[in-house]
Amino acid sequence: MDGAHSAGLQLQPFPTTSSSVSLSSSEGSFSYKENLIGALLAIFGHLVVSIALNLQKYCHIRLAGSKDPRAYFKTKTWWLGLLLLLLGELGVFASYAFAPLSLIVPLSAVSVIASAIIGIIFIKEKWKPKDFVRRYVLSFVGCGLAIVGTYLLVTFAPNSHEKMTGENIARHLVSWPFLLYMLVAIVLFCLLLYFYKEKNANSIVVILLLVALLGSMTVVTVKAVSGMLVLSIQGNLQLDYPIFYVMFVCMVATAVYQATFLSQASQIYDSSLIASVGYILSTTAAITAGAIFYLDFLGEEALHVCMFALGCLIAFLGVFLITRNRKKAIPFEPYISMDAMPDEGAG
């Protein structure tokens, strides 16, 4: 009897261990599935945005000699581009609800890759094979590096997943690491703004650092708002938490000021330079903010973190090579010009 009893005691832990391993495995596969959904949404969104902007650019180039500054508003292609732009941005916005911020942010390299390919195939002038190889070899190398970097980013991305509830967001917002980050970011932002406004420091690094610091807060708030909206749609209502509206206001405000500084930068520097430097600075700042606020890399293996960092560096180099070889674009009207919008009061 005692022998049977002791044998029974020895057999009891095995099903418990098996069930815990099974539970851990299912949770891990669910996390990777969420990462994949978020990554695919982000890639889809950036591809659609790139197609949309190139459609609008195509309209502006075709109508560059038109006497009517509002001519492109009358074309179906321009409005199709605007519709696709909204669809793409919606996809990117939704992606933040599924995957860690550190995975989604660097995937904006997809937009640069797509723009380079679309520009070469559809918008550039006719070329001879020899000229094509000489002129676009850097772009091809850059595209290859950016694709390799993107693959590493997706493969070794952090696998941290947390429900974006009002309680969790509020807890992260008052955590001392994020408060310290905010203090440093605010001080640095004020110093840069002082040199930019008072000392006329119009260096592209100064302007795009201002954009990057604002952008780091934008993506933090975008993930919070997106995650809380998805939870609300799933039945776990989060819209009655004040933190949702705090995050929403911060998201809109930082996005507007980002656009303002980018507009000022575009008046001084070439768009390709803005794209490469802006991507590097904004991605670095956003990943740092995400790692501090959402603890993206907490518990990750050192090898995974190093490979993720390597993926970022390769993507940075790829984007730099793609944009470095672009010819300076002929200036044309912005994609959406408020000054050129039809005046309802005009006769």
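Let's start with methionine 228, which has its place in helix α9, residues 204-233. Keep in mind that this is a predicted model. From there we'll go to helix α11, which bends at glycine 278, and to a nonpolar surface patch that includes Tyr194.

**Around methionine 228**
- Methionine 228 has a relative accessible area of 0%, so it counts as buried, the cut-off being under 20%.
- Leaving aside residues up to four places away in sequence, methionine 228 touches Met164, Gly166, Ile169, Gln238, Tyr241, Ile243 and Phe244.
- Take isoleucine 169 from that list: 59 residues separate it from methionine 228 along the chain, yet their C-alpha atoms are 9.3 Å apart.

**Helix α11**
- Helix α11 runs over residues 271-293, and its 23 residues should span 33 Å at 1.5 Å a residue.
- At glycine 278, α11 bends by about 25°.
- Just past the end of α11, leucine 295 has a positive phi of about 55°.

- Trp176, Leu180, Leu183, Val184, Val187, Leu191, Tyr194 and Phe195 make up a nonpolar surface patch of about 850 Å².
- Tyrosine 194, one of the patch residues, sits in helix α8, residues 176-197.
- Is tyrosine 194 buried, exposed or partly exposed? Its relative accessibility is 41%, so it counts as partly exposed, between the 20% and 50% cut-offs.
- As a general point, an α-helix has 3.6 residues a turn, so residues three or four places apart point the same way.

Note on methods
Residues numbered from 1 in each chain as written. Predicted model: local features only at pLDDT ≥ 70, side-chain atom pairs only at ≥ 80, totals over all residues. Heavy atoms only, no water. Helix = DSSP H or I, 4+ residues; strand = E, 2+ residues; numbered from the N terminus. Buried < 20%, exposed > 50% of the residue type's maximum accessible area, 1.4 Å probe, protein only. Contact = heavy atoms within 4.5 Å. Expected span 1.5 Å × (residues − 1). Bend = angle between axes of the 7 residues up to and from the residue. Patch = residues over 30% accessible without salt bridge, like charges linked within 9 Å, V, L, I, M, F, W, Y side chains within 5 Å. Areas by Shrake-Rupley, 256 points an atom, 1.4 Å probe, with all protein chains shown as cover. Salt bridge = Lys/Arg side-chain N within 4 Å of Asp/Glu carboxyl O.
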